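Here are some friendly notes to read beside the model. Please keep the viewer open and find each residue as you go.

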Amino acid sequence: MSEKELLKGNIAIARSALAAGCSCYFGYPITPQTEIGEFLSYEMPKRKLAYVCAESEIGAINMALGASATGAKVMVSSSSCAVSLMQEALSYIASDELPVVLVNVMRAGPGQGHIYPSQGDYNQAVIGGGNGDYKTIVLAPSSVQECVDMTFRAFYLSQKYRNPVILLLDGMLGQMAEPAIIKDNPYPETDNSSWVLNGANQRPAREIRSLEPNQNKLIRHIYEMNKKYKALEANETDWEEYQTQDADFILTAFGTMARSAKAVCNYYREKGIKCGLFRPKTLYPFPFERLRELTKTTKKFIDIEMNMGQMLRDVRLSILSNVQISFIGKPVGDWLSESEMIGAIDNIIKDCYANI
Amino acid sequence: MQTSEIKYTVPKSIKKDTVFTFCPGCDHGVALRLVAEVLDELNLREKSVAIASSGCSVLLYDFLDVDCIESPHGRACAVATGVKRAHKANGSDKFVFTYQGDGDFASIGLGESLHSALRGENITAICINNTNYGMTGGQMGPTSAMGQITTTSPTGRNKEYHGFPIKTAEHIALCDGVSYSARVALYDIKNIINAKKTIKKAFEYQLEGLGFSFIEILSSCPTNWKLSPSEAHKKIENELTKTYPIKVFKDIKETPNV
């Protein structure tokens with residue numbers, strides 16, 4: 001460990017999960033995330049850890065629900081249309097306050113779509129695809145190194161807040177290899193001895209349930225969950241800023257699209273045009289406050305996504321009314337190249353700059 | 001003359017001062033008491049994790065004094081798989097069982113149930129078969145018998161319109177991963193005693209690590225059947241046991257897998 005290696009995103013996630021202490025993995029094949037399950041099917045039995053080729057994604061996520069109730073670090077991985085199958089259990093896991101890490105290596109949709117990379121599941125991950133008042137922590141890596149770092153962080157946050165965490169990346173990042181380092185787990189272990197199910201020995205029996213016929217108790221439970229979300233929003237919101245201080249206009253993008261957007265930023269800076277980049281690293285909690293602060297000095301924002309404008313909604317919610325917001329997006333796979341982005345941005349900003 | 005005192009004792013595995021909230025004449029109370037007695041006799045209370053699912057069976061955690069987790073409707077065997085495997089990965093062996101209804105186990109959850117059986121998960125599943133969806137008011141279930149009148153088969157189940165009921169214990173017995181599959185009933189003392197023996201055997205098979213063990217308990221639902229408790233038991237004895245015979249369908253110790 002701790003050596004720089006050429007790593008594929010999916011493999012980096014699988015290896016980091018093991019390094020983070022993941023002892024249970026449940027999965028079902030779907031492109032473009034299958035390497036995670038394949039790698040772990042080889043590594044986990046060797047270490048006498050739990051690995052099950054589940055009968056379906058519904059089976060996999062419910063196995064994760066059961067395993068996490070024992071206090072184990074549990075991971076499930078899947079992709080888009082199959083993550084849809086997991087939404088029922090995800091709502092239960094959130095209500096039960098169980099720590100499960102779910103990796104969604106996004107492919108194109110809606111429906112079966114295809115295996116092209118996409119960022120089309122922002123809404124499902126961030127707003128939530130299951131029923132009821134709950135939130136899922138969503139981390140969005142934009143490089144293989146961040147796949148490593150955020151896998152560690154996903155396990156830590158899920159245990160600390162007893163909440164499901166989604167690692168949301170597109171198929172390109174899952175399939176792409178670049179240098180990265182897998183270090184030791186930088187986070188402390190969380191004490192879960194007060195709630196795990198391991199037999200009512202020398203203590204009263206415990207129950208983990210979402211069904212609550214007592215209306216007042218149910219209301220209290222939802223208020224308590226909401227307090228947790230407020231703490232998350234106050235303490236765990238994370239983002240990257242690139243040359244935003246003096247920017248005349250700021251690009252907003254997450255995941256791999258933010259990498260192209262950064263190159264676009266450099267292109268404009270070389271031409272003397274003040275472009276900045278704002279990249280949320282946590283999609284929930286979303287960095288609303290910081291983005292709102294930036295709108296005091298910058299009056300033009302351009303949101304770039306590999307979908308038809310899903311994070312755009314959160315960008316709009318962040319921003320004061322006297323600010324112009326534009327959107328550049330392509331729905332699937334057909335990668336938005338730097339030159340395409342530049343062409344589109346030139347159109348948006350041409351009234352302000354004579355030299356374009 | 002000596003008089004003997006009849007003393008009613010509550011199993012340790014049933015919560016103190018529990019009042020069963022099931023409908024009058026429902027067999028859930030008897031089934032849960034048998035489970036609790038067996039847990040006591042095998043000293044399993046302290047090492048058990050029970051999985052409750054949706055329907056009347058979910059009330060399990062109100063009555064049993066063991067660690068419990070609730071599963072989404074039908075997914076109890078998948079949740080049990082996770083609990084059992086995670087403890088095993090952690091180097092500890094826990095006793096894990098599910099308590100489900102027939103709609104839960106054999107309709108919405110058939111995939112999870114059947115594949116847990118095929119994988120030979122070392123867990124025990126108990127399926128209360130009352131031939132309808134009880135909690136929602138008696139709709140036709142996967143186990144409703146031919147001709148049975150329910151709120152969604154008002155003229156009786158017929159093959160043209162509704163198809164046929166599933167014989168769960170027989171199906172589960174076909175899976176190689178299964179150590180034990182049996183159907184029992186609770187309509188008289190003899191059957192109750194047999195049911196307890198069967199539950200005990202299924203639990204012991206898990207303790208011996210023999211794989212998936214399964215008990216289908218034919219139970220009454222007087223409220224939704226619109227019968228008195230004794231009429232409901234007679235219906236099981238005289239009618240339902242023809243569709244659902246009381247029998248051991250697989251015992252790996254008697255007939256090993258080929």
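1. Let's start with one pair: Ala52(B) sits opposite Tyr99(B), a residue of β3(B). Strands β1 (residues 48-52) and β3 (residues 95-101) of chain B are parallel and share five bridges. Helices (H or I, at least four residues) and strands (E, at least two) are DSSP runs, numbered from the N terminus, and two strands pair if DSSP finds at least two bridges between them.

2. A word on reading the model. This is a predicted model, in which local features need pLDDT of at least 70 and side-chain atom pairs count only at pLDDT 80 or more, while totals for chains, interfaces and linings use all residues. Residues are numbered from 1 along each chain as its sequence is written, and chains are lettered from A and ligands numbered from 1 in the order in which they are written.

3. Now step back to the whole sheet. It is open, has eight strands with mixed pairing, and runs in the order β10(A)-β2(B)-β1(B)-β3(B)-β4(B)-β8(B)-β7(B)-β9(B).

4. Where does chain A join in? β10(A) runs parallel to β2(B), with two bridges between them. Glu207(A) has Cys68(B) as its bridge partner in β2(B).

5. Next, the contact between the chains. Chain B contributes 33 residues and chain A 35 residues, where residues are in contact if their C-beta atoms, placed from the backbone, lie within 7 Å. On chain B's side, α3(B) gives the most, with 11 residues.

6. Have a look at Lys47(B), in the loop between α1 (28-41) and β1 of chain B. Is Lys47(B) buried or exposed? Lys47(B) counts as buried because it has 21 C-beta neighbours inside 10 Å; the cut-offs are 20 or more other C-beta atoms within 10 Å for buried, 12 or fewer for exposed, and partly exposed in between, with C-beta atoms placed from the backbone. Leaving aside neighbours within four places in sequence, Lys47(B) contacts Gly199(A), Lys94(B) and Phe95(B).

7. Finally, the largest nonpolar core has 182 residues, of which Cys24(A), Leu167(A) and Val83(B) touch the most other members. Such a core is a set of buried Ala, Val, Leu, Ile, Met, Phe, Trp, Tyr and Cys residues joined through C-beta atoms within 7 Å. Helix α7 (residues 144-161) of chain A gives the most to this core, with 10 residues. Beyond four places in sequence, Leu167(A) touches residues including Ile13(A), Met150(A) and Ala154(A).

Technical notes
Contact = placed C-beta atoms within 7 Å.
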